[in-house]
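Open the model in your viewer and keep the sequence panel at hand.

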Amino acid sequence: MKNIEVEEQMSSWLFKQLKLHLDQERKYQPREKGLSLIECTTENENTLCPRLRNAKVEDLWSLVNFFGFATETFVLAVNILDRFLALMKERAVESRQTGSTT
């Protein structure tokens with residue numbers, strides 16, 4: 001009987017966690033403008049094209065597996081990487097448009 005109660009508590013906790021993360025997901029999505037800038041980037045030594053981004057994602061997956069982290073860690077790391085790349089790309093485009101060199 002206790003095992004059933006424990007399982008019910010665990011499933012209830014998991015559903016609460018899932019709902020919490022789904023509610024927060026929109027807040028942490030990269031902006032579409034930044035993602036489209038990454039996707040249309042041509043390769044040169046100053047940019048990170050989609051092929052190089054995918055290589056970095058594979059590196060992250062290797063690290064997650066090597067250290068035995070949860071899959072959620074990988075997903076969060078990729079999310080952070082995409083948001084960072086989108087933000088940096090947006091800043092680069094904005095600085096080119098205004099003529100500043102930051």
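A nonpolar patch here joins Val, Leu, Ile, Met, Phe, Trp or Tyr side chains within 5 Å, from residues with over 30% relative accessible area and no salt bridge. Keep in mind that this is a predicted model.

**Stop 1: the surface patch**

Select Leu 63, Phe 66, Phe 67 and Phe 69. These residues make up a nonpolar surface patch, and together they have about 480 Å² of accessible area. Start with Leu 63, which sits in helix α3. Its relative accessibility is 45%, so Leu 63 counts as partly exposed. Phe 69 is also partly exposed, at 46% relative accessible area. Phe 66 and Phe 67 are both exposed.

**Stop 2: the rings**

Phe 66, Phe 67 and Phe 69 form one aromatic cluster. How many aromatic pairs does the whole structure hold? The search finds three. One of them is Phe 66 with Phe 67, an edge-to-face pair with ring centres 4.9 Å apart and 90 degrees between the planes. Now turn to Phe 67 and Phe 69. Their centres are 5.7 Å apart and their planes lie at 25 degrees, so this pair is stacked.

**Stop 3: the nonpolar core**

Select Val 57, Val 64, Phe 74, Val 78, Leu 81 and Leu 85. These six residues form the largest nonpolar core. Helices α3 and α4 each give two or more residues to this core. Which element gives the most? It is α4, with four residues. Nonpolar side chains tend to be buried together in soluble globular proteins.

Now centre on Phe 74. Leaving out residues up to four places away in sequence, Phe 74 touches Val 57, Leu 60, Trp 61 and Val 64.

**Stop 4: the salt bridges**

Side chains of opposite charge can pair when their charged atoms come close. The count for this model is two salt bridges.

Select Arg 53 and Asp 82. They form a salt bridge, with the closest N and O atoms 2.8 Å apart. Arg 53 lies in helix α3 (residues 50-67) and Asp 82 in helix α4 (residues 71-98), so the pair ties together parts that are 29 residues apart in sequence. Are these two residues buried or exposed? Both Arg 53 and Asp 82 are buried.

Finish with Lys 56 and Asp 59. Their side chains meet in a salt bridge at 3.4 Å, N to O. Both residues lie in helix α3, three residues apart, about one turn of the helix. Lys 56 is partly exposed at 41% relative accessibility, and Asp 59 is partly exposed at 38%.

Methods: Residues are numbered from 1 along each chain as its sequence is written. This is a predicted model: local features need pLDDT of at least 70, side-chain atom pairs count only at pLDDT 80 or more; totals for chains, interfaces and linings use all residues. Side-chain values use heavy atoms; hydrogens and water are left out. A salt bridge is a side-chain nitrogen of Lys or Arg within 4 Å of a carboxyl oxygen of Asp or Glu. Buried means under 20% relative accessible area, exposed over 50%, partly exposed in between (1.4 Å probe, protein chains only). A nonpolar core is a set of buried Ala, Val, Leu, Ile, Met, Phe, Trp, Tyr and Cys residues joined through side-chain atoms within 4.5 Å. Contact means heavy atoms within 4.5 Å. Patches are made of residues with over 30% relative accessible area and no salt bridge: like charges are joined within 9 Å, nonpolar side chains (Val, Leu, Ile, Met, Phe, Trp, Tyr) within 5 Å. Accessible areas come from the Shrake-Rupley method with a 1.4 Å probe; for residues, only the protein chains shown count as cover. Rings of Phe, Tyr and Trp (its six-membered ring) pair if their centres lie within 6.5 Å; planes under 30 degrees apart count as stacked, over 60 as edge-to-face and the rest as tilted.
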